[in-house]
Amino acid sequence: MTDVDLARSEGEVRVHVAHDEAVRLICPECGQAVPGYDTRRRQWRHLDTC
């Protein structure tokens with residue numbers, strides 16, 4: 001996680017996550033290095049957060 005923003009007026013908590021490019025991603029099943037995937041921006045709704 002790189003940053004957290006609380007936007008009370010908008011009723012949002014924004015969590016920013018980044019991957020360190022120097023760290024290799026390892027498959028938990030086979031143990032081999034794998035490429036990254038699924039890097040799109042996402043939005044989740046959780047009513048209890050705010």
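Analyst: Read along the sequence, the chain runs β-β-β-β. It has 4 strands and 0 helices. Note that this is a predicted model.

User: What makes Glu 10 and Arg 14 a salt bridge?

Analyst: Their closest N and O atoms are 2.3 Å apart. The cut-off is a Lys or Arg side-chain nitrogen within 4 Å of an Asp or Glu carboxyl oxygen. The pair therefore qualifies as a salt bridge.

User: How do you know that Glu 12 forms a salt bridge with Arg 14?

Analyst: By the same test. The closest N and O atoms of Glu 12 and Arg 14 are 3.0 Å apart. The limit is 4 Å, so this pair counts too. The structure holds 2 salt bridges.

User: What links Glu 10, Glu 12 and Arg 14?

Analyst: A network of salt bridges. Arg 14 pairs with Glu 10 and also with Glu 12. In general, side chains of opposite charge can pair when their charged atoms come close.

User: Why is Arg 14 called partly exposed?

Analyst: Its relative accessible area is 30%. Buried means under 20% and exposed means over 50%. Arg 14 lies in between, so it is partly exposed.

User: Why do Glu 10 and Glu 12 get the label partly exposed?

Analyst: Glu 10 has 49% relative accessibility. Exposed needs over 50%, so Glu 10 stays partly exposed. Glu 12 has a relative accessible area of 28%. Buried needs under 20%, so Glu 12 is partly exposed as well.

User: Why is Val 17 called exposed?

Analyst: Its relative accessible area is 66%. The threshold is over 50%, so Val 17 is exposed. Val 17 sits in the loop between strand 2 and strand 3 (25-26).

User: What share of the protein chain counts as buried?

Analyst: Of its 50 residues, 2% count as buried. The label requires under 20% relative accessible area. The chain exposes about 5,200 Å², with carbon and sulfur atoms supplying 49% of it.

User: How much of the contact set links residues 24 or more positions apart?

Analyst: Among contacts with a separation of 6 or more, such pairs account for 17%.

Terms used:
Residues are numbered from 1 along each chain as its sequence is written. This is a predicted model: local features need pLDDT of at least 70, side-chain atom pairs count only at pLDDT 80 or more; totals for chains, interfaces and linings use all residues. Side-chain values use heavy atoms; hydrogens and water are left out. Helices (H or I, at least four residues) and strands (E, at least two) are DSSP runs, numbered from the N terminus. Buried means under 20% relative accessible area, exposed over 50%, partly exposed in between (1.4 Å probe, protein chains only). Contact means heavy atoms within 4.5 Å. Accessible areas come from the Shrake-Rupley method with a 1.4 Å probe; for residues, only the protein chains shown count as cover.
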